[in-house]
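Here is a friendly walk through one predicted model, from its overall make-up to a handful of individual side chains. Please keep the sequence and the 3D view open as you read.

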Amino acid sequence: MHDIDDIERRGIPAVMIASTPFEDAAQKQADALGLDIARVFVSHPVQDRTDDEMHEMADLVFLSLIHISE
């Protein structure tokens with residue numbers, strides 16, 4: 001989250017991407033740090049996906065990422 005905040009402060013649009021089980025933790029951390037950063041959550045798990053599955057997941061959230069970054 002600190003990285004996303006730093007990138008945003010440099011004037012570069014950024015979005016945090018995490019899997020759905022971490023939504024609550026991300027909100028709590030953002031609240032504790034006083035950060036209001038854009039977030040997109042994808043299905044879990046991420047680590048064991050093939051390259052093709054990762055590309056498919058990216059395609060599914062691409063429009064959300066573009067909309068949030070604008």
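Of the 70 residues in the protein, 26% count as buried, where buried means under 20% relative accessible area, exposed over 50%, and partly exposed in between (1.4 Å probe, protein chains only). The accessible surface comes to about 5200 Å², and 52% of that surface belongs to carbon and sulfur atoms; accessible areas are from the Shrake-Rupley method with a 1.4 Å probe, and for residues only the protein chains shown count as cover.

This is a predicted model, in which local features need pLDDT of at least 70, side-chain atom pairs count only at pLDDT 80 or more, and totals for chains, interfaces and linings use all residues. Residues are numbered from 1 along each chain as its sequence is written, and side-chain values use heavy atoms, with hydrogens and water left out.

## Overall layout

The protein has three helices and two strands, and from the N terminus on they follow the order α-β-α-β-α. Helices (H or I, at least four residues) and strands (E, at least two) are DSSP runs, numbered from the N terminus. The C-alpha trace spans about 35 × 25 × 15 Å along its principal axes. Among contacts between residues at least 6 apart in sequence, 47% join residues at least 24 apart; a contact means heavy atoms within 4.5 Å.

Ala18 sits in strand 1 (residues 16-19) and is buried, at 18% relative accessible area. Leaving aside residues up to four places away in sequence, Ala18 touches Val40, Phe41 and Val42. Strand 2 covers 39-42. The C-alpha atoms of Ala18 and Arg49, which are 31 residues apart along the chain, are separated by 14 Å.

Asp5 belongs to helix 1 (residues 2-9). With a relative accessible area of 17%, Asp5 is buried. Residues up to four places away in sequence aside, Asp5 is in touch with Leu35 and Ile37.

## Charges and salt bridges

The protein carries 5 positive and 15 negative side chains, and the centres of the two sets lie 9 Å apart. In this count Lys and Arg are positive and Asp and Glu negative, while His and the chain ends are not counted. The place of a charge is taken as NZ of Lys, CZ of Arg, CG of Asp or CD of Glu.

How many salt bridges does the structure hold? There are three, a salt bridge being a side-chain nitrogen of Lys or Arg within 4 Å of a carboxyl oxygen of Asp or Glu.

| Salt bridge | Closest N to O distance |
|---|---|
| Arg9 and Asp5 | 2.8 Å |
| Asp6 and Arg10 | 3.0 Å |

Arg9 and Asp5 are separated by about one helical turn because they are four residues apart in helix 1. Arg9 counts as exposed at 66% relative accessibility, whereas Asp5 counts as buried at 17%. In the bridge of Asp6 with Arg10, Asp6 is partly exposed, with a relative accessible area of 35%, and Arg10 is exposed at 63%. Lys28 and Asp24 both lie in helix 2 (residues 23-33), four residues apart, or about one turn of the helix. Here Lys28 is exposed at 54% relative accessibility, while Asp24 is partly exposed at 49%.

## Surface patches on the model

Patches are made of residues with over 30% relative accessible area and no salt bridge; like charges are joined within 9 Å, and nonpolar side chains (Val, Leu, Ile, Met, Phe, Trp, Tyr) within 5 Å.

Which residues form the negative surface patch? They are Asp51, Asp52, Glu53, Glu56 and Asp59. One of them, Asp52, lies in helix 3 (residues 51-69) and is exposed, with a relative accessible area of 65%.

A nonpolar patch on the surface is formed by Phe62, Leu63 and Ile66, which together have about 320 Å² of accessible area. Leu63 is in helix 3, and at 67% relative accessibility Leu63 counts as exposed.

## A cis peptide bond

One backbone detail remains. His44 and Pro45 are joined by a cis peptide bond, with omega at about 0°. Most peptide bonds are trans. Pro45 is found in the loop between strand 2 and helix 3.
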